[in-house]
Amino acid sequence: MAITPPDERVWWNEPVEKTEVLWVTIALIWALVMFFMMPYWHFAGEQNLSNEAYKGTIDAYVEKVEAAAEKYTVREEGSTGIPVVRPPVGGDAYMIGRQFEWWPVLELKAGETYRLHLSSADVMHGWSLLPENINIQVHPEYEMIIKITPTKAGTYGVLCNEYCGLGHHVMTGRIYVTE
Ligand code: CUA
């Protein structure tokens, strides 16, 4: 409420300034450009991951990861006792994040497409693939599935980039990509 009454009684129904109309129009056009850039860039930018997510339980996910590890383990990672799992070509690869490791180590074939499943057994973690710049938040009770096609053979590191507790900085994993 104003202390003094306005000069014009109908102060709220003045014609809109031309410059204001111009700015609102420009802002609207720009908002629309940015809005349509999102779906456009998803397909044309080759950087946003298309993924699926499913709600589930931690126990059910752990069971799936362990069943896959039991079936497809080819060796152990050094003396760590962590299995190196080679999932079927074109099939499902499972990895779980938990305080404080990414388990198991995966071995994939270059040029083949896999469905990579990710979830957490406790708190939120950040799945970060190095030296590629791929980052995915990993939540307990949600199973993320990402279609990946490794193109270059080599050894890739998985780091946790979401603070998850005292051992956060040692939470690492590994993916081997073979020819
Ligand atoms: Cu897991 Cu930080």
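**Exercise 1.** Determine which strands the buried residues of helix 2 pack against.

*Solution.* The model is predicted; local features require pLDDT of at least 70, side-chain atom pairs count only at pLDDT 80 or more, and totals for chains, interfaces and linings use all residues. Residues are numbered from 1 along each chain as its sequence is written, and side-chain values use heavy atoms, without hydrogens and water.

Step 1. Helices (H or I, at least four residues) and strands (E, at least two) are DSSP runs, numbered from the N terminus. Buried means under 20% relative accessible area, exposed over 50%, and partly exposed in between (1.4 Å probe, protein chains only).

Step 2. Y61, V62, V65, A68 and A69 are the buried residues of helix 2. They cover an arc of only 130 degrees around the axis, which puts them on the same side of helix 2; the arc is that of the directions from the helix axis to the C-beta atoms.

Step 3. Contact means heavy atoms within 4.5 Å. The buried residues of helix 2 pack against strand 2 (73-77), strand 3 (82-85), strand 4 (92-98), strand 5 (101-103), strand 7 (114-120) and strand 10 (142-148).

Step 4. Exposed on the other side of helix 2 are D59, E63, E70 and K71.

**Exercise 2.** Locate E112 and describe its surroundings.

*Solution.* Step 1. The loop between strand 6 (105-109) and strand 7 holds E112.

Step 2. E112 counts as partly exposed because its relative accessible area is 27%.

Step 3. Apart from neighbours within four places in sequence, E112 is in contact with V89, I148, T149 and P150.
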